[in-house]
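This report goes through some charged pairs and one surface patch. Please look at the sequence and the structure below before reading on.

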Amino acid sequence: MAAAAYELLVLGGGSGGLAGARRAAELGARVALVEPYRLGGTCVNVGCVPKKVMWNAAVHMEFVHDHADYGFEMPSIKFNWRTIKEKRDAYVRRLNEIYENNLKKAHIDIIRGYGKFTADPEPTIEVNGKRYTAPHILIATGGHPAVPSDSQIPGASLGMTSDGFFDLEELPRRSVIVGAGYIAVEIAGILSTLGSKSSLLIRQDKVKTVTKSPSGLLDVTVTSSMPGHKPTEEVIQDVDCLLWAVGREPNTQDLCLDRVGVQMDAKGHVVVDEYQNTTRRGVYAIGDVCGRALLTPVAIAAGRKLAHRLFEGKQDSRLDYHCIPTVVFSHPPIGTVGLTEDEAVAAYGRENVKIYSTSFNPLYHAVTQRKVKCVMKLVCAGKEEKPLSSSPKVVGLHMQGMGCDEILQGFAVAIKMGATKADLDNTVAIHPTSAEELVTLR
């Protein structure tokens, strides 16, 4: 049977794949999208969206501690995990339906199942025994959480990943989160703030073994090696949530990329150039499967840029990976864009870099017993032909504090456009806000 023909085949119905498919359809292409699971990918189903709902719940718990200081008498507060889980899951299901309806409105065919490349002369995809072909095939299959094997860490399989976090029916009493990245920090913060006794194990803390006690709870043996000290060992007992957040791996293993000559790196990420081209003509890749800037908006932007290049003739359409803003939804949140101080020094030289920083208590905490600092740092650099005295360019902004997640987006636009320190200084402050500190730094 001849393969069904399209103009664009998209492997993966996550954020990047959906964005690329819909934009291509808007530009007149005949598109099909292959996806075995719920539409929306990691972000919508087991990532950014449900995580932010849980973070919001944790922020509510933080504010509870301040109610009395603001004059509210709250004799008792009880948190019900199942209530927010049910509402969160219902919201995610609505998003799944919205994505499916949007694809149907765009006349994009949804092919349910796993896609893999065949050995045909021209790139062809097989799904459930049926073959599909297109002059343009986009790999947007994302990634999955990495988990140590039981041979590496005995009992490691007794733990869960961030995917399993969203299946929890009750708030764990004792949590151990292994990792130091976005996911580890965010989940540890959520669990701890909502009332779970939580430990975050980072680089110097190594899990040695995991065993299940007669009660069904876990005992986690940890060795700690602090610089200048002898290694120590302790057992964290009665753990009902051991969560591995030690990185992610690309979903490329079953794509049969070798059949079409698509190159991967040592970790299995698809190798692409600045235009998202793989090493096989007509095959492209975007998002987490490429292993660069693993962020939902990056995949979305890359997918749309690619669609404009392929179906609108915009040959220079590509995503600029420079100066991408990002937020860690910790407590309080962290916002960052551009170069760090060390990166700026390496790029411009120490004599051409100037740092502006501040640390303060936001006005919200003026009347609260609980105090949480806000810290901000501007990294400015002057070009060789332009001395610092004539206003350096803002090349980095890094901050942590209440509201920094929302503050960052607007300043990221300015920095992306090449704003100088003088541009910030010449902007009238909004008072009283935390954001005004960024336009009054001296």
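## A pair within one helix

Lys85 forms a salt bridge with Asp89, with the closest N and O atoms 2.7 Å apart. A salt bridge here is a side-chain nitrogen of Lys or Arg within 4 Å of a carboxyl oxygen of Asp or Glu. The two residues are four residues apart in helix α4, so about one helical turn separates them. Helices (H or I, at least four residues) and strands (E, at least two) are DSSP runs, numbered from the N terminus.

Both Lys85 and Asp89 are buried. Buried means under 20% relative accessible area, exposed over 50%, and partly exposed in between (1.4 Å probe, protein chains only). A network of salt bridges links Lys85, Arg88, Asp89 and Glu169.

## How the model is treated

This is a predicted model, in which local features need pLDDT of at least 70 and side-chain atom pairs count only at pLDDT 80 or more, while totals for chains, interfaces and linings use all residues. Residues are numbered from 1 along each chain as its sequence is written, and side-chain values use heavy atoms, leaving out hydrogens and water.

## Pairs between separate elements

Asp66 and Arg370 meet through their side chains in a salt bridge (2.7 Å, N to O). This pair links distant parts of the chain, 304 residues apart: Asp66 is in the loop between α3 and α4, and Arg370 is in the loop between β20 (353–360) and β21 (374–381). Asp66 is buried, with a relative accessible area of 1%, whereas Arg370 is partly exposed at 22%.

Lys377 and Glu341 also meet in a salt bridge (2.8 Å, N to O). Lys377 lies in strand β21 and Glu341 in helix α8 (residues 341–348), so the pair ties together parts 36 residues apart in sequence.
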